[in-house]
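Open the model in your viewer and keep the selection tool at hand. The tour below goes from one selection to the next.

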Amino acid sequence: MDTATARPITNTSGTEAVHHSPLPARDSGLEVIRRDSSVVAFRPEKIAVAITKAFLAIEGQHGVNSARIREQVTGLTANVVEALARRLPGGGTVPIEDIQDQVELALMRSGAHDVARAYVLYREKHAEQRAARQAGDKPAPALHVDDDGQRLPLDSAGFIAMCREACAGLSDVDAETVWTQTLPNLYDGMPLAAVRQALVLAARTLIEAEPDYGKVAARLLLSNLRLEVLGMAAMSKHYPADFAAFIAAGIAAELLDPRLAEFDLEKLGQALLAERDLQFDYLGLQTLYDRYFLHVDGRRIELPQWFFMRVAMGLALNEIDREAWAIEFYRLLSSFDFMCSTPTLFNSGTRHPQLSSCYLTTVSDDLDGIYQAIKENALLQKYAGGLGNDWTPVRALGSRIKGTNGHSQGVIPFLKVVNDTAVAVNQGGKRKGAVCAYLENWHLDFEEFLELRKNTGDDRRRCHDMNTAAWVSDLFMQRVRNNGDWTLFSPVDTPDLHELYGSAFAEAYRAYEAKTERGEIKLFKRIGAVQLWRKMLTVLFETGQPWLTFKDACNLRSPQQHAGVIHSSNLCTEITLNTSVDETAVCNLGSVNLPAHLVERGGVWQLDNDKLRRTVATAMRMLDNVIDINYYATAKARNANLRHRPVGLGMMGFADCLQRMGLGYASPEALIFADRSAEMLCYHAYQASADLAEQRGRYSSFGGSLWQQGLLPPDTLDRLSETRGDLGVPAGGVMDWQALRERIGQVGMRNSNCIAIAPTATIANIVGVSATIEPIYQNLYVKSNLSGEFTVVNAALVRELKALGLWDAVMVADLKYFDGSLAAIERVPADLKARFATAFEIDPEWLIEAAARRQKWIDQSQSLNLYVAAPTGSKLDRLYRLAWQRGLKTTYYLRGLGATAMEKAGGTSDYGSYASRGNPVEDAPEAGTAERLELHSHAERGNDIKVCSIADQDCEACQ
């Protein structure tokens with residue numbers, strides 16, 4: 001042990017317990033408000049002392065002196081400091097009670113429940129002692145604030161009035177409670193702005209008990225924002241009056257496109273709807289404040305409705321009637337009925353309008369092409385693009401290089417450069433660069449490709465910051481099913497495999513295998529297909545990657561088969577567009593807020609078809625406009641996007657819809673809703689693209705497409721059954737697809753592709769709905785992202801528990817303890833447990849079945865996460881083979897639970913579920929040999945599990 005770096009902690013006996021790892025540094029910029037309102041320096045070692053005392057109460061002196069406990073204390077201290085730093089990334093003051101709350105939370109999360117109980121009892125005892133001491137004390141001295149150097153008495157009445165205004169119109173919230181919660185966070189001489197921020201933070205702490213405090217916190221934050229932008233808190237009249245000044249300021253700061261000044265700004269200002277600011281929850285508005293609103297020298301210059309109008313103006317720049325369309329786009333965005341993707345929100349109306357979300361590239365097999373591809377990665381992600389790179393053409397390790405008569409080092413060393421480029425180019429400082437490398441699983445480097453995300457082995461051949469995905473053929477899956485052999489090749493010996501799919505691929509592949517038997521191909525490896533499949537699933541379990549994506553489903557159902565081959569998906573696996581060394585595929589995204597389109601008719605909740613049609617028509621126009629306005633960092637991206645004009649309209653809030661309709665995710669009725677909602681969305685999107693084609697013209701590569709041949713996405717489903725048999729996906733729909741075929745035959749399509757269901761994590765936060773097509777993660781949890789930590793509580797569940805008289809402090813405590821799950825809370829009715837089952841309580845086969853219903857209608861794909869509480873080889877084998885059998889094009893993250901969470905969820909079914917005791921598939925496909933797979937990994941034996949965590953701040957899907 002390096003004693004020079006160790007920090008001592010003195011325990012109650014006076015001896016020193018020395019940590020093997022250094023404690024967190026003190027230079028976090030934090031200060032502590034003591035209970036007497038004095039402010040002192042933040043000292044992490046005091047946290048370590050408190051935690052050590054709690055362990056001492058349980059473990060005794062001998063236990064505390066063990067290396068395991070010392071390391072645990074150090075780790076817990078680091079976790080507490082990190083949590084506090086995330087809440088106040090720029091430094092600031094934190095009440096001592098908040099620090100103790102974080103210690104308690106860290107102990108619970110670590111599984112040290114007995115120690116946490118000892119700590120709670122210690123706090124309660126000392127609280128009682130303080131109360132006894134203070135019973136006869138004098139009144140607390142009056143507090144003062146610092147207002148730009150002027151010392152003034154604290155205006156308690158004024159702040160309470162501010163709280164009352166924030167609580168207006170909301171139920172079960174109380175202004176005095178917010179103020180009472182704020183008072184312990186104040187100290188004498190505190191800056192006025194810090195007092196206002198303390199109000200926001202106080203309201204935030206109350207969200208777990210009452211979700212509407214989220215709106216209170218948002219309104220208090222909005223008041224602070226107005227002061228920052230306008231210098232005053234009054235609102236509605238200043239929105240239109242100062243809008244032109246905002247545009248002028250943005251242009252002067254070289255942030256906004258000067259063409260925005262050419263709009264009729266008075267007309268646009270009058271169209272602003274200040275009351276829509278009240279729709280925000282705290283998480284949504286804080287996210288916009290931290291990451292989206294324009295700022296100059298650290299001061300925000302943008303208000304929410306200005307923000308939405310600025311985005312709308314940027315998307316209407318090329319419209320003939322610009323003001324009318326800008327207002328239409330603004331109304332759609334500000335209503336939360338539809339939301340553009342993050343790059344569009346970041347950059348629309350700015351001097352660098354890189355509005356597209358996704359870029360797909362193919363890397364050529366030469367040094368110039370490889371480094372050109374890496375350069376293009378950097379350029380494309382500079383302004384917030386996510387990348388999918390197809391590396392299959394690059395020759396494998398050991399392949400001969402004719403020019404030098406040497407041997408290739410293969411794909412892996414170049415991927416290390418890609419990884420480091422993604423770290424270096426961090427999307428303008430707004431979020432980390434993000435890239436996913438795709439490789440077909442017949443590539444000779446594929447086995448080493450599987451190892452890229454591991455923490456063991458030669459770090460020069462590891463890529464810890466980059467994502468990976470396997471591009472899997474039907475032929476491979478057939479051989480897994482039949483327990484056959486699989487051959488790995490270098491693409492320099494099999495160059496056409498990269499450009500083939502379906503039966504043509506299978507025929508060529510077998511021909512190359514015959515060449516190996518004749519000795520005509522020297523560099524190859526033969527391996528059992530089940531053995532390679534086992535390795536893929538093992539690494540997927542250990543690291544959460546590579547994501548499994550299916551080449552033939554993507555290509556056989558592609559409307560653009562005539563224009564090229566799809567070689568990969570994108571960063572989040574929802575985009576399926578053809579690429580080549582000459583074309584970089586581009587897709588811009590936006591998502592419909594599905595719950596905003598639910599209506600109740602005759603006591604039954606259903607989608608409002610007319611409203612959905614109007615929303616989709618406007619949204620598709622916005623997405624189509626992006627193609628012409630977009631800033632393209634490379635000519636290959638510009639040429640491909642203008643030629644094919646693909647867009648990706650998606651959905652979010654699926655789980656919210658189910659809850660409002662009284663349905664559990666794990667139910668046949670939910671599958672029907674998944675089917676119908678996707679059908680309606682897709683139908684209206686294809687119809688809108690046809691309408692745009694009539695107005696603006698067809699996309700240039702329309703001739704020869706499946707659209708032109710009268711084949712719509714649902715018509716292509718049977719192509720997969722030729723190699724898989726019955727897919728098990730029910731046919732038929734409710735919309736008039738024949739009329740749409742005839743319409744497209746007459747006018748064509750404006751866009752080669754229209755639908756892609758993206759993760760929507762951040763824009764769902766902004767709107768305040770559940771992300772994309774996901775089940776609810778937990779009913780009560782703390783979410784960490786680049787803006788800090790946020791309490792997320794399921795408001796729909798709270799309403800139902802209130803109606804049953806079950807929502808109280810004990811229920812909040814139970815939900816915290818059981819990680820947001822109702823399953824183990826006995827007093828909750830069984831039907832409520834089923835309807836509000838969380839992601840890890842639902843048999844993941846239900847997620848696949850729902851996705852299969854959607855995929856029937858979708859021309860691209862969907863980001864599909866699978867949640868498995870306790871993964872095993874047989875479970876993962878069954879799941880991923882079911883995904884292939886059902887015709888899914890892609891899958892995304894495999895998400896798992898930590899050991900502590902699984903322990904607390906004990907006593908439930910195979911997947912920890914009250915809601916999923918039945919299987920959604922009565923006749924699951926025969927498992928064959930692979931069904932008996934077991935995962936041979938350190939992770940399964942209880943060591944570090946690398947499956948993606950929901951709250952991972954660096955995970956792209958979580959942002």
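The stops below cover the whole chain, a helix, a pair of helices, a sheet and a loop residue.

This is a predicted model, in which local features need pLDDT of at least 70 and side-chain atom pairs count only at pLDDT 80 or more, while totals for chains, interfaces and linings use all residues. Residues are numbered from 1 along each chain as its sequence is written, and side-chain values use heavy atoms, with hydrogens and water left out.

**Whole chain.** Select everything. The chain holds 34 helices and 28 strands; these are DSSP runs, numbered from the N terminus, with helices being H or I of at least four residues and strands E of at least two. Of its 959 residues, 59% are buried, meaning under 20% relative accessible area with a 1.4 Å probe, protein chains only. Among contacts (heavy atoms within 4.5 Å) with a separation of 6 or more, 76% are between residues 24 or more positions apart.

**Helix α2.** Select residues 67-87. This helix has 21 residues and spans 31 Å from its first C-alpha to its last, close to the expected 30 Å. The expected span is 1.5 Å times one less than the number of residues. Which residues of α2 are buried? They include I69, V73, L76, V80 and L84. An α-helix has 3.6 residues a turn, so residues three or four places apart point the same way.

**Helices α18 and α20.** Select 474-481 and 529-543. The two helices pack at about 105°, with axes 8 Å apart; axes are lines fitted to C-alpha atoms over the stretch in contact, and angles run from 0 to 180 degrees between N-to-C directions. α18 and α20 are therefore roughly perpendicular, a label for angles of 65 to 115 degrees. Show side chains: F476, M477, R479 and V480 of α18 meet A529, V530, L532, W533 and M536 of α20. The residues of this contact comprise 8 nonpolar, no polar and 1 charged.

Select 144-147, 150-153 and 190-191. The order in this open sheet of 3 strands is β7-β6-β8, with mixed pairing. β7 and β8 are the edge strands, each pairing on one side only; strands pair if DSSP finds at least two bridges between them. β6 and β7 run antiparallel and are joined by 4 bridges. One to pick out links V145 to L152 in β7.

**Residue S770.** Finish in the loop between α28 (761-767) and β25 (780-785), where S770 is found. Is S770 buried or exposed? S770 counts as buried because its relative accessibility is 12%. Leaving out residues up to four places away in sequence, S770 touches M652, G653, F654, A655, D656 and A764.

Definitions and conventions. Angles under 35 degrees count as roughly parallel, over 145 as roughly antiparallel, 65 to 115 as roughly perpendicular and the rest as oblique. Ala, Val, Leu, Ile, Met, Phe, Trp, Tyr, Cys and Pro count as nonpolar, Asp, Glu, Lys and Arg as charged, and the others, Gly among them, as polar. Buried means under 20% relative accessible area, exposed over 50%, partly exposed in between (1.4 Å probe, protein chains only).
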